[in-house]
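Dear colleague,

I am passing on the structure below, together with an account of what was found in it. Please read the notes with the model open beside them.

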Amino acid sequence: IQFLLGNGCSGKTYIAIDIIRRIRDRDVYMFSSMDTISNKTLDALLSKKNCLIIADHNCLKIDQIERVLKFKAEISSRNIYFIIIERKNNRDLFGLIKMMELSGDLEDQEIPYVFVDNRFSKEETLEINQKLVVSTLGVFDERKTISDNIISAGEQLIQKNRFSSIVPKKTNVREVASLIALSIKNKVYSLDAAILDLSDVYLLQERVALPLIESENSWNFERREANNSPIKYVVNAKYWLNNQLSILADSKEGRQLVVRAFNYIITMLIDQYGKPNFEYSDKNAEYKSYILFDEINQIFKVEGYSLITEIYESLNELLANDPNYIHQRAKCYMRTSFYCGSSAEKMELLSKSYRDATIAHEMFAKRYELSCNEKINISAAHTEYTMALALCHMAKAKDYAEISDNTLAVKLLYSALSSPYNSFDYIKND
């Protein structure tokens, strides 16, 4: 078993495809991010012998990954190689692995990781630029991410490609919601489209945006009792779609549509599956991916964090009982504070971040007390780290002039990093 980790648009899938091209001595099963592996299919895969299985981001749920890890001895005895592709910042995954190490289900650092950078090296940039200039496609900048370079090169082209004139429908809340769901999920099954009351909208989107948005038959391996959808809607150009949503959010009216669309999606999912309970909510709730800061930021990077803040604040009445949502909002306030020109505004946002992280931490602590579920303890540790980080940034904003603030920040940071579920690697990024 091996994890291939990286940010969005870093080339993880291309690496997987390159591995497949080189394999000659075994069967290969590759599942893209537009597929979902059912539990029945996972059972069938784990019963195979002498094969390579590659599951791209979004194929496996976290409980399925846990199952694969617990099956490691059988996987080895059957000569199965299992590569799981995930986002580099998936703290649920790292928390799961640490919990399994502490419980003895895994040896320390037993499962190897390969990290994929989302920037070309200086040598790689030089090599690709020599090809780009011959093709009159501009040049890449090694300081930019791969996706930023691609977007920049596309904007500079005088002669547009044949897909540049394709524009999806985005004039009302339901149309925008259909695009947001596609961007975050990569695929929307017909049952999910019905739950969101977007079936007719997806037919319209396919009609105007084919082949970038299209419907296709679901594979048998995707079907399960809870979702036997015969078709799914997929996006074949993720960064085109994100760019279309980003363009929409540039205007005041478009920005309001985006905020209302997120509210619409969460409302429809809550109507179907129920509101989160104060004492208990499913960490893997159906709306989870729609409230993850990194997922939303992947779409609206250009608009800055103020739009994402509006999205979170619009969801408060619906999700106030879910500490996972409150924690994501805390992280958003903190990120937004980094780009404030006013010191007063920065301190206000950091105070909100600390407040939300503290509330989320207390809610997780209460839930852990009631259930003694160690997975809740992982979330509690992560919220404590966010609390400490907010205090550290507040101390820095005051030029470390307040001794009491500095002391509290150091104590909380020490406590957070004493947990096995937090890592000193976090500090390098934060």
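**What was found**

Glutamine 272 is placed in helix H12, which covers residues 252–273. The model is a predicted one, and in it glutamine 272 is partly exposed, because its relative accessible area of 47% falls between the limits of 20% and 50%. Between the C-alpha atoms of glutamine 272 and alanine 249 there is a separation of 28 Å, with the two residues standing 23 residues apart along the chain.

**Helix H19 and its two partners**

Helix H19, residues 374–397, takes part in two of the helix contacts that I would like you to look at. With helix H20, residues 403–418, the axes come within 8 Å and cross at roughly 150 degrees. Since angles over 145 degrees count as roughly antiparallel, H19 and H20 are therefore roughly antiparallel to each other, and H19 passes H20 in a left-handed crossing. On the H19 side the contact is made by Glu384, Tyr385, Met387, Ala388, Leu391, Cys392 and Ala395, which meet Asn406, Leu408, Ala409, Leu412, Leu413, Ser415, Ala416 and Leu417 of H20. Sorted by class, the residues of this contact of H19 with H20 are 12 nonpolar, two polar and one charged.

The other partner is helix H5, residues 91–103, whose axis comes within 10 Å of that of H19, the two crossing at roughly 125 degrees. The contact of H5 with H19 divides into four nonpolar, two polar and three charged residues.

**Aromatic pairs**

A search of the whole structure returns 10 aromatic pairs. One of them is formed by tyrosine 312 and tyrosine 325, a tilted pair with 6.2 Å from centre to centre and 45 degrees between the planes. This pair links distant parts of the chain, with tyrosine 312 in helix H15 (residues 305–314) and tyrosine 325 in helix H17 (residues 323–337), 13 residues apart. Elsewhere, ring pairs join Phe3, Phe94, Tyr113 and Phe115 into a cluster.

**Backbone details in the loops**

The peptide bond from leucine 210 to proline 211 is cis, with omega near 10 degrees, and proline 211 sits in the loop between helix H10 (199–209) and strand S7 (213–217). Asparagine 58, although not a glycine, has a positive phi of about 85 degrees; this residue is found in the loop between strand S3 (51–55) and helix H3 (62–70), and asparagine 58 is partly exposed, with a relative accessible area of 26%. Asparagine 79, likewise not a glycine, has a positive phi of about 60 degrees. The loop that holds asparagine 79 runs between helix H4 (72–77) and strand S4 (80–87), and at 32% relative accessibility asparagine 79 counts as partly exposed.

Note on methods. Residues numbered from 1 in each chain as written. Predicted model: local features only at pLDDT ≥ 70, side-chain atom pairs only at ≥ 80, totals over all residues. Heavy atoms only, no water. Axes fitted to C-alpha atoms, helices over the stretch in contact; angles between N-to-C directions. Helix = DSSP H or I, 4+ residues; strand = E, 2+ residues; numbered from the N terminus. Parallel < 35°, antiparallel > 145°, perpendicular 65-115°, else oblique. Left-handed = near helix turned anticlockwise from the far one by under 90°. Contact = heavy atoms within 4.5 Å. Nonpolar A, V, L, I, M, F, W, Y, C, P; charged D, E, K, R; others polar. Phe/Tyr/Trp six-rings, centres within 6.5 Å; stacked < 30°, edge-to-face > 60°. Buried < 20%, exposed > 50% of the residue type's maximum accessible area, 1.4 Å probe, protein only.
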